[in-house]
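Please consult the sequence and the structure shown below while reading.

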Amino acid sequence: MEDIGLWGLFLSSFISSTLMPGGSEVLLAYLLTQSEFSSIELLIAATAGNSLGGILTYAMGWWISSRWPLKVPEKKRQKQALVWVQRYGVLSLLFSWLPLIGDPLCLAAGWVRCHLFYSLMLICVGKTLRYSLIVLAVS
């Protein structure tokens, strides 16, 4: 597993932050205990991949809203995310790191066109918190 390295962690984190399932937290924990990379290098790789995945999901929401007018989503998590974003606005993206609801939050924020700069910043902050907690727990 040593050959997975930073790029493997980046890719795993990216995939985990889109609407597809992934297990980047387990990979990060493993690499923290078994690899030659520092915890800072691993934190940066995981955060960068996960943040870019969240930003892609936000962009997908933005694109979807330009094609289809805002309607109530059919899926439970998407409905819940839309309610959070409508209630708390861009600040809801601080919770983009949460399992199950985080990715739909990014999609909903793009869909309702939350402020782009603040959205990107808060997605990055949320994702950094997520992986920082894992690094602190394992180190």
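C114 has a relative accessibility of 10% and therefore counts as buried in this predicted model, the cut-off for buried being under 20%. The cysteine sulfur closest to that of C114 belongs to C106, and at 10 Å the separation is too far for a bond. C106 is also buried, because its relative accessibility is 0%. For the sulfur of C106, the closest cysteine sulfur is in C124, 9.8 Å away, which is again too far for a bond. A disulfide requires the two sulfur atoms to lie within 2.5 Å. A search of the whole structure accordingly returns zero disulfides.

| Residue | Relative accessibility | Class |
|---|---|---|
| C106 | 0% | buried |
| G61 | 1% | buried |
| C114 | 10% | buried |
| F117 | 49% | partly exposed |

The nonpolar interior is considered next. In soluble globular proteins, nonpolar side chains tend to be buried together. The largest nonpolar core in the model comprises 14 residues, and V85, L93, L105 and A109 have the most contacts inside it. Two or more residues of this core come from each of the helices α4 (76-88), α5 (102-111) and α6 (116-138). Helix α5 supplies the largest share, four residues. Leaving aside residues up to four places away in sequence, L93 touches L105, C106, A109, S119, L122 and I123. Another core, of twelve residues, lies apart from the largest one; L27, L28, L32 and L42 are among its members.

G61 is part of helix α3, which spans residues 39-67. With a relative accessibility of 1%, G61 counts as buried. Which residues does G61 touch, not counting those up to four places away in sequence? They are L107, G110 and W111. W84 is 23 residues from G61 along the chain, and the C-alpha atoms of the two are separated by 15 Å.

Finally, the surface carries a nonpolar patch of about 330 Å², made by F117, Y118 and M121. Why is F117 classed as partly exposed? Its relative accessibility is 49%, whereas exposed residues are those over 50%.

Technical notes. Residues are numbered from 1 along each chain as its sequence is written. This is a predicted model: local features need pLDDT of at least 70, side-chain atom pairs count only at pLDDT 80 or more; totals for chains, interfaces and linings use all residues. Side-chain values use heavy atoms; hydrogens and water are left out. A nonpolar core is a set of buried Ala, Val, Leu, Ile, Met, Phe, Trp, Tyr and Cys residues joined through side-chain atoms within 4.5 Å. Buried means under 20% relative accessible area, exposed over 50%, partly exposed in between (1.4 Å probe, protein chains only). Contact means heavy atoms within 4.5 Å. Patches are made of residues with over 30% relative accessible area and no salt bridge: like charges are joined within 9 Å, nonpolar side chains (Val, Leu, Ile, Met, Phe, Trp, Tyr) within 5 Å. Accessible areas come from the Shrake-Rupley method with a 1.4 Å probe; for residues, only the protein chains shown count as cover. A salt bridge is a side-chain nitrogen of Lys or Arg within 4 Å of a carboxyl oxygen of Asp or Glu.
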